[in-house]
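Hi,

Here is the structure I promised to pass on. Have a look, and my notes follow below.

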Amino acid sequence: MIDTDVRKLFILEDSIQVDRHVRVIDNSFIFTNEKGKAISKKQKITNELITHVVTELVGEEALSIINYLKGKKQISEFIIAEELDLEIHLVRNLLYRLLEFNIVSFIRKKDRIKGWYICYWDFNDHMVPYLAEKLRLSKISKLKERLEKEDNNTFYMCRTACVRMPFEKSMEFNFKCPECGNLMHEQDNSRTKEFIVHQLKELESKKKIC
Ligand SMILES: [Zn+2]
């Protein structure tokens with residue numbers, strides 16, 4: 001959903017040429033309120049929101065890097081590794097995973113003495129509300145799909161609850177549980193549906209961020 005890499009060249013004031021890696025953001029995406037009307041993209045970037053987005057998209061292990069980059073500018077990956085006492089390969093791997101979602105970006109500068117390139121990283125905090133909104137919408141659509149499945153199927157379950165399957169599939173097993181052999185019976189899924197509806201309402205009213 002998030003689009004292709006675009007690589008642009010920038011000339012800095014001190015005439016060092018650097019690559020700035022940027023990505024084009026999906027412009028079709030619009031923030032909406034609970035009534036589906038387009039609203040401003042401004043949303044508070046809280047620590048809770050940052051943690052949620054980074055954990056969901058990349059994983060908890062990337063949080064220390066983000067927390068370290070917060071409020072800093074153009075930090076070398078070697079510094080990050082040193083300060084966080086992590087292997088440089090692990091740091092790079094996490095940074096590239098964060099880059100996939102534009103949570104971070106980097107510039108490459110040539111070290112004039114050593115002659116090699118070093119990447120300097122920034123945390124793009126402005127991406128956080130955008131990504132949180134995408135996550136919310138994707139969860140809503142998954143829950144709607146699940147609710148539809150619950151509405152359109154009759155589910156069968158065995159007494160010890162080892163399996164739960166739709167009618168057609170349970171017929172294949174002659175209504176006998178493939179795990180324990182007990183007879184499966186029709187399950188009232190109204191509680192399951194209520195739970196999904198409740199989750200949907202919370203996500204749609206933005207009471208929950210995840
Ligand atoms: Zn069973």
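Helix α5 covers residues 127-152, 26 residues in total, and runs 38 Å from its first C-alpha to its last. That is close to the 38 Å expected at 1.5 Å a residue, where the expected span is 1.5 Å times one less than the number of residues. Helices here are DSSP runs of H or I with at least four residues, strands are runs of E with at least two, and both are numbered from the N terminus.

Before you go further: this is a predicted model, so local features need pLDDT of at least 70 and side-chain atom pairs count only at pLDDT 80 or more, while totals for chains, interfaces and linings use all residues. Residues are numbered from 1 along each chain as its sequence is written.

Back to α5: M127, V128, Y130, L131, A132 and E133 are buried there (20 or more other C-beta atoms within 10 Å of a residue's own, with C-beta atoms placed from the backbone; 12 or fewer is exposed, in between is partly exposed). The cover over the buried residues of α5 includes α1 (47-57).

The other spot I looked at is C177, in the loop between α6 (167-172) and β8 (184-187). C177 counts as buried because it has 21 C-beta neighbours inside 10 Å. Leaving out residues up to four places away in sequence, C177 touches C158, C162, V163, N182 and M184 (contact: C-beta atoms, placed from the backbone, within 7 Å). Its C-alpha is 9.7 Å from that of M165, 12 residues apart along the chain.

Cheers

Note on methods:
Two residues are in contact if their C-beta atoms, placed from the backbone, lie within 7 Å.
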